[in-house]
Amino acid sequence: YDNCLRLKNAHWLVSENSTDNISEIKYMVMEYGAVATALYTDTEYRNNESMCYIGDEIENHAVTIVGWDDDYSKENFPSACSPSIDGAWIVKNSWGTGSGKNGYYYVSYEDSNVGKCCIAFDVMATDDAIVDYQYDGSSSLSNILSLKAGGAVGAMYQVSECEEGQMLESVSIALASANTECAIQIYTECDDSINSGYEAYEDPQTAVIQYPGYATIELNNPVYLAPGTTYAIEVKFNTDADVYMDKSETSDWIDFVSHCEVNQTFYHMATTQRWTDLSGKGGKCRVARLKGHAREIGKDPVIPTEEPTSEPTVEPTEEPTSEPTEEPTSEPTTEPTSEPTEEPTSEPTTEPTSEPTEEPTSEPTSEPTSKPTEEPTSKPTSEPTTEPTSEPTSEPTGEPTSEPTTEPTSEPTTEPTS
C-alpha cells in the first residue's frame, strides 16, 4: 500500500490521577501538535460543548487533546459533574462536526480519566529510499521481556540486495519502561550469532529514552551494510528495562498472529552475558520489537504526494447560509493547476493494555562465537540526515507551567486502553 507518513516516536504518559500531568500534557501538545487520550462519557456527563465525568467508571471513548483553556469556567460543565476548579482541555472528537462545538469539546482538567494515559505521536514523511528491517508484525502489546541493568536484546538481519549497499541510519525499539538508559552497538558481516561480526563502534552509542512507548534513535555515525551480508543490532541496557515483544495470542475479541522464526531476535540477562534465541522452546515464538532503518546508497528519496481528485473541493470561507445561492455543477469547470500542498495528518490510536511478563528463565542454548580478528574494510560514508518533526495541528491557548518530568519506575505502569 502507499503511505505518506511513518511513525518515528510514540511517547506514552501515564499517571495515577488525571491532574498529575497537566503541565507535561501541555508541553506535548505544543511539541507534537496533539495528544491522544481516553475518557468515560455518557449523555448525562456532556452537554452541547463540554464533557466531565468524576467517578470510578473506566474509559469508554478515545479523543484527541489539541489545546486547553485555563479560564474555562467550572460552571459550564453538566450538572451531573461538579469540578472544583476552572480549566479544560480542548479535545477533537470523532462524532463529526454536528456534535459539540463543530466537533470539539471542553473536558474538565478534573475529569477522572482524561489525561491519565496519553500518547503523543511523532511522525515523519515517508522516504522511498529507506529500507526497514523488522520482524514484529502484530499489534499485541501484552508480552514484555523484563531485564535488569546489564541485560540486552539483539536482532540479526540480512541486507537486501542493492547495487551500492546501504547506510544504517537509525534504530527503533518499543519499551514499557521510562527513563531507560542504553548503549547501541552494530555488528557487520555476522555469521551465526549477534556479536560474531565486526564492531562498528569502538565506543557504543548511548541514549536515554525518556518515555515508555516507541523510540527511534538516530545513529551519530551511520554504518555501511554490504548487499547480501548479515548485520546485527545490540541494545544493552544500563538501567532496568521492559522490552515489548511480538507474540501470537488470542483474546475475546481479537487475534494477534506473529510469524517469527528462530535466529531472528535474542536476549541475554545481566548474570549470564550469553545470547538466547527469543523464539524459545516448547512452541514459544516471540521477537523483540527492535528495528533497523537503512538508506540505499545512490537512491534519491521519493516523497509521495497526495493525488488530486477528479472533482476538486473548495474550502468555504464563511458559514453557509440556510439557502445556497447557486447550485453546484456536477463537473468542475476548471482543472486543478497544482498538487495539493497540505500536510497529511494522522489520527492517533489507542494502544491495548499490556501486562508485564516475568523475566524469561530459559537457559541460553548457544555460546557466541569469538570476534574475528580482521578489521572491517568499510567505513560509514555519510552522516545521518535530520528527520523532520511534526508541526502542531493547533495553537494552544496557554504556556506549560513547567518542564515535564518523569520519574523512573521499577515496574511498567498501566498501558493505554482502547
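Trainee: Does Cys-162 count as buried or exposed, and at what relative accessibility?

Mentor: Buried means under 20% relative accessible area, exposed over 50%, and partly exposed in between, with a 1.4 Å probe and protein chains only. Cys-162 has 16% relative accessibility, so Cys-162 counts as buried. Cys-4, at 34%, counts as partly exposed. Asp-2 is exposed, with a relative accessible area of 81%.

Trainee: What kind of model is this, and how are residues numbered?

Mentor: This is a predicted model, in which local features need pLDDT of at least 70, side-chain atom pairs count only at pLDDT 80 or more, and totals for chains, interfaces and linings use all residues. Residues are numbered from 1 along each chain as its sequence is written, and side-chain values use heavy atoms, with hydrogens and water left out.

Trainee: How many disulfides does the structure hold?

Mentor: A disulfide is a pair of cysteine sulfur atoms within 2.5 Å. The structure holds 1 disulfide. Cys-52 is joined to Cys-81, with 2.0 Å from S to S. Cys-52 lies in the loop between strands E3 (50-51) and E4 (61-69), and Cys-81 in the loop between E4 and strand E5 (88-92), so the pair ties together parts 29 residues apart in sequence. Strands (E, at least two residues) and helices (H or I, at least four) are DSSP runs, numbered from the N terminus. Both Cys-52 and Cys-81 are buried.

Trainee: Which residues is Asp-111 in contact with, leaving aside neighbours within four places in sequence?

Mentor: Contact means heavy atoms within 4.5 Å. For Asp-111, the residues are Ser-18, Leu-39, Cys-52 and Tyr-53. The side chain of Asp-111 also reaches the backbone nitrogen of Tyr-53 at 2.8 Å. Asp-111 sits in the loop between strand E6 (104-108) and strand E7 (117-125).

Trainee: How is a pair of aromatic rings described?

Mentor: By the distance of the centres and the angle of the planes. Rings of Phe, Tyr and Trp (its six-membered ring) pair if their centres lie within 6.5 Å; planes under 30 degrees apart count as stacked, over 60 as edge-to-face and the rest as tilted. By this rule there are 12 aromatic pairs. One of them, Tyr-157 with Tyr-231, is tilted, at 5.8 Å centre to centre and 35° between the planes. Tyr-157 lies in strand E10 (residues 152-158) and Tyr-231 in strand E16 (residues 230-237), so this pair ties together parts 74 residues apart in sequence. Tyr-157 and Tyr-231 are both buried. Together with Tyr-133 and Tyr-135, they form one aromatic cluster.

Terms used: A polar contact is a pair of N or O atoms within 3.5 Å; within protein, one must be able to donate a hydrogen and the other to accept it, and residues adjacent in sequence count only if both atoms are side-chain atoms.
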